[in-house]
Amino acid sequence: MASSLRVLGIDPGLTRCGIGIVDVAPNRTATLVHVGVARSAPTDPIEKRLAAIAAGIREVLLAHQPHVVAVERVFAQNNRHSVMGTAQASGIALLLAAEHGLTAATHTPSEVKAAITGYGSANKLQVQTMVARVLRLDSLPQPADAADALAIALCHAWRGGAAAAPGGAELTPAQRAWRDAEKRRTPPTRVARTHVRTDA
């Protein structure tokens, strides 16, 4: 798929970090490239856990050469320990994107759910089902972390992920093709202005 955009989606987590890569064509059809999970042992010290997550993401980056990276944005939770681990894994993913010279973006969970299912409060099964349908998979992607990573990648591509570099000077040929297709698909909309007389 020479003109497709290859997106690496990351569902950050310290115990399980979902990793998914999709190729998305300018007509928005998508193909699965890779899906998996990077894991770390809860009993290991934090530096070893982060190193394990980094190694898993780095391996996928080198093997599949994505064009852009999309990471789920950390949001407030009641479990502060869980939030801390998610934020640390997210930072690792963003750092690795920068080290590989890739543009990175973050998307909120509700943003991803709305892009994939049309409903910002969709549950995990609904997200998995739609991801499987979009990617024409025979079964639901497992585990849920991996399905979420694929959903993040699809969300980023569908929301104009190739437009990250202004003017196109730093875009790859695949990203330029995507940007040009997006421009043809969504021409600028003219907004008519209504002038209201305020004098009596």
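1. The UniProt record, an unreviewed entry, lists Glu 72 under "binding site"; UniProt positions follow the numbering used here, feature names are shortened, and annotations may be inferred rather than shown by experiment. This is a predicted model, in which local features need pLDDT of at least 70, side-chain atom pairs count only at pLDDT 80 or more, and totals for chains, interfaces and linings use all residues. Residues are numbered from 1 along each chain as its sequence is written, and side-chain values use heavy atoms, with hydrogens and water left out.

2. Glu 72 belongs to strand β4 (residues 68–72). Helices (H or I, at least four residues) and strands (E, at least two) are DSSP runs numbered from the N terminus. Glu 72 has a relative accessibility of 16% and therefore counts as buried; buried means under 20% relative accessible area, exposed over 50%, and partly exposed in between, with a 1.4 Å probe and protein chains only.

3. Apart from neighbours within four places in sequence, Glu 72 is in contact with Ile 10, Asp 11, Pro 12, Ser 90, His 107, Pro 109 and Ile 152. Contact means heavy atoms within 4.5 Å.

4. Asp 148 is situated in helix α5 (residues 144–158). Asp 148 is buried, its relative accessible area being 11%. When residues up to four places away in sequence are not counted, Asp 148 touches Asp 11, Lys 124 and Val 127.

5. Two packed helices are described by the angle between their axes and the distance between the axes. For helix α3 (residues 109–117) and α5, the axes come within 9 Å and cross at roughly 75 degrees. Axes are lines fitted to C-alpha atoms, for helices over the stretch in contact, and angles run from 0 to 180 degrees between N-to-C directions. The helices α3 and α5 are therefore roughly perpendicular to each other; angles under 35 degrees count as roughly parallel, over 145 as roughly antiparallel, 65 to 115 as roughly perpendicular and the rest as oblique.

6. In this contact, Glu 111, Val 112, Ala 115 and Ile 116 of α3 meet Ala 151, Ile 152, Leu 154, Cys 155 and Trp 158 of α5. The residues of the contact of α3 with α5 comprise eight nonpolar, no polar and one charged. Ala, Val, Leu, Ile, Met, Phe, Trp, Tyr, Cys and Pro count as nonpolar, Asp, Glu, Lys and Arg as charged, and the others, Gly among them, as polar.

7. Ser 40 is found in the loop between β3 (30–39) and α1 (46–64). With 8% relative accessibility, Ser 40 counts as buried.
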